[in-house]
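Student: I've just opened this one and I'm a bit lost. Could you walk me through it with some questions and answers?

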Amino acid sequence: MDKQHQCPFVSKQSWRKGLVSGHPSVHVLSPGQNPGMSASNQSTGWLLGLGGAHFGEDLRLTEGETFIGSGWDSDLVLTTPEVSRRHAKFTSAAGVTLLEDNGSATGVFVNGEKILEPRMLAHADLIRFGVGEFLYFSAEPNLQSQANIERYIAVANKNSLATVGWLHCLTGEYSGMDFRLVKGLNRCGSLPGVEVTLPDANLNSTHMTIECSPDRFYLRPGFASLQVKRNGVLVDHPGNLRDSDVFKIGSLELRLRVIR
């Protein structure tokens, strides 16, 4: 086994970087991609950075417990000031995510209010750890604050690498993986180095492209011989996309999640 995978921190955080690995559980990624490491690692939501060191980034939450803090032993490592080693804990199960202070020095704030007991999060809640502020974006949105969503979109418009959406895998051995979309052109295919590298060797190097802007998400299928199904219908021409559209590409079924 490659020595880099013997470090717990590297194994947790390696999805942040594009890499080629001999480790069987690590997929070949493009820069900035954010997939899960296994089928048991289901995406339940994301923290979207609104400023500071994590401006425009997305930090992935999964089923079970996720610790966030400044220490290397946290699942999500923050580099913003005034954050304790294990500052807070997220617990996600059955479509519900709870956030609780883990005895931090500066507290945890949700929508400007310091929480004193576990808080059930709602889609588009604003969360602050130390001086770092994040938007909580649920994989299964419920009630939401459009004002908070618009605030993050303003951040994304200033940062060309900011997350604007995801392709969330629904079936098979890659169920739970999510692939990050950024503003501009996102090429999707099997070739390492494109914006969205999909784990199916039967796909073309660029199977389709998704163009992302503040106003629309636009799909362009590849050659006519490269099948893409959208909501069960074969796609044979470009078109606008909607949040929660489902794609069948090779062996993968992917749901689009859009921040807008």
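Student: Which residue in β13 is the bridge partner of H168?

Tutor: This is a predicted model, where local features need pLDDT of at least 70 and side-chain atom pairs count only at pLDDT 80 or more, while totals for chains, interfaces and linings use all residues. Residues are numbered from 1 along each chain as its sequence is written, and side-chain values use heavy atoms, with hydrogens and water left out. Strands β12 (residues 163–169) and β13 run antiparallel and are joined by 5 bridges; strands are DSSP runs of E, at least two residues, numbered from the N terminus, and two of them pair if DSSP finds at least two bridges between them. In β13, H168 is partnered by D178.

Student: How many residues of strand β13 are buried?

Tutor: Buried means under 20% relative accessible area, exposed means over 50%, and partly exposed is in between (1.4 Å probe, protein chains only). In a regular strand the side chains alternate between the two faces of the sheet. Here D178, R180 and V182 are buried on one side, and F179 and L181 on the other. For strand β13 (residues 178–182), the count of buried residues is 5 of 5.

Student: Why does C212 count as buried?

Tutor: C212 belongs to strand β16 (residues 208–212). Contact means heavy atoms within 4.5 Å, and C212, leaving aside neighbours within four places in sequence, has contacts that include V164, L181 and V182. C212 counts as buried because its relative accessible area is 5%.

Student: How far apart in space are C212 and V164, C-alpha to C-alpha?

Tutor: Along the sequence, C212 and V164 are 48 residues apart. In space, C-alpha to C-alpha, the distance between C212 and V164 is 7.5 Å.

Student: What is the length of the polar contact between the side chains of E65 and K89?

Tutor: E65 lies in strand β3 (residues 64–69) and K89 in strand β5, with C-alpha atoms 6.7 Å apart. A polar contact is a pair of N or O atoms within 3.5 Å; within protein, one must be able to donate a hydrogen and the other to accept it, and residues adjacent in sequence count only if both atoms are side-chain atoms. Between the side chains of E65 and K89, that contact is 3.3 Å.

Student: What is the angle between the planes of W46 and F137?

Tutor: The structure holds 5 aromatic pairs; rings of Phe, Tyr and Trp (its six-membered ring) pair if their centres lie within 6.5 Å, with planes under 30 degrees apart counted as stacked, over 60 as edge-to-face and the rest as tilted. W46 and F137 form a tilted pair, 6.4 Å centre to centre, with the planes at 50°.

Student: Which strands does that pair link?

Tutor: W46 and F137 are 91 residues apart, so to speak in distant parts of the chain. Both are buried. W46 is in strand β1 (residues 43–49), and F137 is in strand β11 (residues 132–138).

Methods. Helix = DSSP H or I, 4+ residues; strand = E, 2+ residues; numbered from the N terminus.
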